[in-house]
Protein chains: 4
Amino acid sequence: MKPLIIAGKEIKSRLFIGTGKFPSPKVMAEALEVSGAEIVTVALRRVSFNSPDPTLSAIDFDKYIVLPNTSGAKDAEEAVRLARLARAASGINWVKLEVTPDPVYLLPDPFETLKAAEMLVKEGFVVLPYMHADPVLAKRLEDVGCATVMPLAAPIGSARGLKTEEFIRIIVEQANVPVVVDAGLGLPSHAARAIELGADAVLVNTAIALAEDPVKMARAFKLAVESAVLGIEAGPIEEQEKASASSPLTGFLD
Amino acid sequence: MKPLIIAGKEIKSRLFIGTGKFPSPKVMAEALEVSGAEIVTVALRRVSFNSPDPTLSAIDFDKYIVLPNTSGAKDAEEAVRLARLARAASGINWVKLEVTPDPVYLLPDPFETLKAAEMLVKEGFVVLPYMHADPVLAKRLEDVGCATVMPLAAPIGSARGLKTEEFIRIIVEQANVPVVVDAGLGLPSHAARAIELGADAVLVNTAIALAEDPVKMARAFKLAVESAVLGIEAGPIEEQEKASASSPLTGFLD
Amino acid sequence: MKPLIIAGKEIKSRLFIGTGKFPSPKVMAEALEVSGAEIVTVALRRVSFNSPDPTLSAIDFDKYIVLPNTSGAKDAEEAVRLARLARAASGINWVKLEVTPDPVYLLPDPFETLKAAEMLVKEGFVVLPYMHADPVLAKRLEDVGCATVMPLAAPIGSARGLKTEEFIRIIVEQANVPVVVDAGLGLPSHAARAIELGADAVLVNTAIALAEDPVKMARAFKLAVESAVLGIEAGPIEEQEKASASSPLTGFLD
Amino acid sequence: MKPLIIAGKEIKSRLFIGTGKFPSPKVMAEALEVSGAEIVTVALRRVSFNSPDPTLSAIDFDKYIVLPNTSGAKDAEEAVRLARLARAASGINWVKLEVTPDPVYLLPDPFETLKAAEMLVKEGFVVLPYMHADPVLAKRLEDVGCATVMPLAAPIGSARGLKTEEFIRIIVEQANVPVVVDAGLGLPSHAARAIELGADAVLVNTAIALAEDPVKMARAFKLAVESAVLGIEAGPIEEQEKASASSPLTGFLD
């Protein structure tokens with residue numbers, strides 16, 4: 001697999017972690033540790049860079065690339081405002097852009113997302129946008145300078161797995177920036193499948209944070225992603241219509 | 001996950017490996033090594049326990065449980081004969097029972113398989129039968145004393161993945177012996193999915209042996225299976241109809 | 001599509017109907033009428049050929065081929081006994097063979113089914129066996145003289161649709177007798193899909209009988225099956241990897 | 001099913017037909033006739049309203065609502081220009097809006113589509129936009145006054161079926177305008193499935209036009225759509241986890 005490079009930084013781990021919903025900052029920190037993740041996203045509406053914050057305090061900023069996200073933003077303006085505030089307080093100029101006006105499925109708005117992406121790129125942000133698995137939208141976000149595209153697998157937190165397989169394939173085929181599958185992955189096999197389809201990485205939050213044992217689940221996703229990366233590199237066989245004996249029939253008994 | 005115990009032996013690794021089709025005995029031996037497998041199956045029509053055999057010579061019999069298989073047997077009689085010859089020559093009384101009269105899809109024959117299973121169990125063999133993912137057949141094989149059931153995912157060597165999901169679920173729900181998903185797994189995510197559905201183990205051969213880099217693919221499947229085991233143990237979240245925000249919207253900015 | 005001929009009789013309708021669970025004999029009779037079905041199956045444990053029976057009274061025996069079924073039989077012996085009783089009382093020598101020892105999923109037993117099929121064929125019955133979608137079993141049932149094979153789509157009454165697609169394809173490819181997909185079809189599109197895969201007919205009961213409006217649903221399945229037959233006959237296009245414009249771009253405006 | 005009303009007109013048929021790629025205008029006319037369609041779409045880049053055109057001549061304008069489409073338009077400007085020319089020449093103010101800059105998969109551009117939709121609505125057009133199955137985009141198109149939304153099932157002409165099921169469900173749930181599934185439907189069962197998911201109608205072109213027998217295939221799709229409408233109206237049963245006997249076991253033989 002080709003190296004995963006975002007804004008000039010090589011990222012070894014193909015698993016990004018979201019920090020919402022963990023039972024405690026301590027559990028979150030342990031889950032991050034065992035996940036091997038290098039990129040960790042935090043919600044700007046939930047954490048404060050200005051005052052002591054338990055989530056942020058539990059994250060080792062020397063070890064992880066902290067990726068503020070605009071979760072909860074209803075339009076481009078709100079997303080841009082959140083990103084600017086975060087940068088002013090933290091000095092971080094990476095942002096995971098989420099604009100989700102729909103309160104039920106939390107699906108991303110292509111128009112507000114593109115608008116915010118364009119503004120943030122111009123202001124020097126490294127922008128990683130959450131998006132529907134729409135290949136034309138992916139090209140547009142790439143064209144305005146986004147550092148990655150982050151198509152969804154299924155609605156956030158739904159754990160329904162890769163419901164957009166047909167279109168993730170096309171996005172991967174056409175993208176010149178890394179493709180990070182985000183949202184809806186509920187099980188390790190879902191994450192492995194996304195990588196096998198050609199995604200450069202996956203982002204997982206709810207499936208880890210709300211597992212009975214978040215730390216063990218973090219390790220599970222780590223291994224799943226690594227298995228899929230190795231599988232791609234190992235050159236898988238093609239699907240066949242017919243069977244093919246593992247043990248050809250000629251042999252000493254014939 | 002409950003321990004995997006077959007005929008009184010605890011098996012730590014949930015990945016069984018078939019030895020057919022590897023580019024060389026040396027590559028096979030390396031793949032076995034990195035796979036972490038404890039159970040390794042060899043085709044009795046292809047290897048000889050009576051004379052020097054390059055495949056068998058490459059397997060460390062102190063390290064692996066060698067599971068002779070009756071691949072290529074067209075009926076119960078042939079399968080039983082193969083098993084007896086193997087036991088006489090090797091002292092091994094475990095057998096992976098395969099009876100596949102169909103030359104195109106190599107699908108297992110339920111009648112000849114049950115007949116052979118009954119005979120072999122009576123003769124003191126530990127019998128692990130390859131079978132269609134038919135829950136009633138699974139109960140019958142269990143009832144005659146089989147040590148496991150080994151339902152197929154898809155035709156052997158087809159790499160088509162878990163096409164029998166609906167019925168693997170039922171087999172797992174009803175089985176009192178270990179369920180090992182066998183045949184048709186082509187990618188690490190397929191193996192992980194089988195374990196997530198509740199299978200106790202998977203058997204992989206073609207997908208590893210015919211990968212461009214079999215050793216790396218063996219490692220990929222090892223990690224996939226481990227990831228799924230951890231995932232099950234970690235208590236996954238349930239699938240949801242609606243979305244659920246990873247980052248609840250209340251926060252310092254409100 | 002080739003004509004559907006069972007035991008020398010040409011059957012025009014590709015939709016067979018089961019008569020269980022209807023709200024009333026009158027509704028059942030109307031549903032049969034609009035379904036266009038020619039073959040109608042009745043459960044021998046539920047209806048009596050010896051005394052006045054409301055279900056049987058509602059069926060026009062001059063119009064329909066009444067196919068007694070052995071639903072509820074736990075083994076071959078019981079199934080054979082039911083078939084013989086029915087023939088003695090009614091003169092009908094067709095039988096839909098169902099042997100389902102499993103009380104939860106009502107899945108068919110391959111061993112008892114084959115055994116009963118053999119006996120019934122020898123006694124001059126026209127045997128249509130309900131079976132798992134196991135291609136080797138299908139060949140065996142064909143070999144002992146069954147008039148059709150009736151592989152399941154999903155557990156009876158589950159309405160889950162065609163969960164055995166991979167194996168229905170193989171059964172269709174290999175069969176020399178008609179293939180009738182039975183059990184688990186819940187919606188018109190499920191029935192259409194089965195025919196598109198190559199099945200000669202489908203049998204539907206619960207999805208019609210327990211619909212809010214069984215008569216309307218009977219008509220829905222009738223049209224679905226007819227649509228799929230026409231679709232197969234019309235020579236469908238192949239699936240494509242890429243898109244292909246419906247409206248090629250050269251034209252008067254260029 | 002609630003009536004399908006577009007711009008105040010009630011449309012009885014749930015099947016819309018595209019007119020590209022037919023072997024001849026004559027075959028096209030026959031296919032339209034048997035399809036029962038009331039809405040027929042023609043590509044503005046392929047047909048001419050200004051001079052005698054064989055496709056248009058074959059369509060009975062008194063019988064069908066002719067829906068000019070902007071197939072081949074690369075951006076909003078081109079689409080708007082095509083629509084205006086068509087209206088000027090024909091007096092028709094309905095337009096199927098297609099903006100597909102991607103030459104390989106012909107996927108619709110959400111930005112140019114929304115922009116063109118807004119302009120055309122303001123100019124008094126009845127706009128039916130082809131779109132990705134993105135629920136947020138659907139709301140936006142509805143909000144600017146589109147008369148329907150037309151989410152894709154799969155890439156145009158791919159015949160791959162309903163690959164966007166997860167999101168069609170959400171679009172249907174949230175829409176206040178009719179939802180017409182467009183593009184990628186290859187078989188009658190695909191069309192039936194779309195209606196069963198809640199779509200108000202489907203549009204089919206390639207699967208009919210390029211079938212070996214387009215007229216027969218038109219009839220197949222007609223019946224498939226009708227079957228699904230009836231199925232929905234008949235109140236289908238719910239999917240079950242377990243089986244449920246069609247023929248309850250109590251009866252005269254017990």
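Predicted model: local features only at pLDDT ≥ 70, side-chain atom pairs only at ≥ 80, totals over all residues.

Let me start in chain C, where the cover over the buried residues of α6(C) includes β7 (126-131), α5 (135-143), β8 (150-151) and β9 (180-182). Residues are numbered from 1 along each chain as its sequence is written, chains are lettered from A and ligands numbered from 1 in the order in which they are written, and side-chain values use heavy atoms, with hydrogens and water left out.

The buried residues of that helix, α6 (residues 165-174) of chain C, are Glu166(C), Phe167(C), Ile168(C), Ile170(C), Ile171(C) and Gln174(C). Here buried means under 20% relative accessible area, exposed means over 50%, and partly exposed lies in between, with a 1.4 Å probe and protein chains only. Helices (H or I, at least four residues) and strands (E, at least two) are DSSP runs, numbered from the N terminus.

In chain D, Gln174(D) lies in helix α6 (residues 165-174), and Gln174(D) is buried with a relative accessible area of 19%. Leaving aside neighbours within four places in sequence, Gln174(D) is in contact (heavy atoms within 4.5 Å) with Pro135(D), Lys139(D) and Glu142(D), and also with Asp102(A) and Tyr105(A).

Back in chain C, helix α7 (residues 188-196) has 8 of its 9 residues buried, so it is largely enclosed by the rest of the structure. The cover over its buried residues includes β9, β10 (201-204) and α9 (214-233) of chain C, together with α7 (188-196) and α9 (214-233) of chain D. After α7(C) comes Gly198(C), whose phi is positive, near 115°.

That brings me to charged pairs. What is the count of salt bridges over all chains? By the rule used here, a side-chain nitrogen of Lys or Arg within 4 Å of a carboxyl oxygen of Asp or Glu, the count comes to 68. One of them joins Asp200(C) and Lys2(C), at 3.4 Å from N to O. Asp200(C) lies in the loop between α7 and β10 of chain C and Lys2(C) in the segment before β1 (4-6), so the pair ties together parts that are 198 residues apart in sequence. Asp200(C) is buried, at 6% relative accessible area, whereas Lys2(C) is exposed, at 58%.

Another salt bridge joins Lys216(C) and Glu233(D), with the closest N and O atoms 2.9 Å apart. This pair crosses between chains, from helix α9 of chain C to helix α9 of chain D. Lys216(C) is partly exposed, with a relative accessible area of 27%, and Glu233(D) is partly exposed, at 32%. In chain A, Glu165(A), Arg169(A), Arg193(A) and Glu196(A) are linked in a network of salt bridges.

Now to the interface of chain A and chain B, to which each of these chains gives 68 residues. Together the two chains bury about 6,000 Å², 60% of it on carbon and sulfur atoms, where buried area is the accessible area (1.4 Å probe) that two parts lose on being put together, summed over both. Between chain A and chain B there are 4 salt bridges, and the side chains of Lys216(B) and Glu233(A) meet in a salt bridge at 2.9 Å, N to O. On the side of chain A that touches chain B, α9(A) gives the most, with 11 residues.

Rings of Phe, Tyr and Trp (its six-membered ring) pair if their centres lie within 6.5 Å, and planes under 30 degrees apart count as stacked, over 60 as edge-to-face and the rest as tilted. The rings of Phe111(A) and Phe111(D) have centres 5.4 Å apart and planes at 80°, so the pair is edge-to-face. Phe111(A) lies in helix α4 (residues 110-122) of chain A and Phe111(D) in helix α4 (residues 110-122) of chain D, so the pair joins two chains. Phe111(A) and Phe111(D) are both buried.
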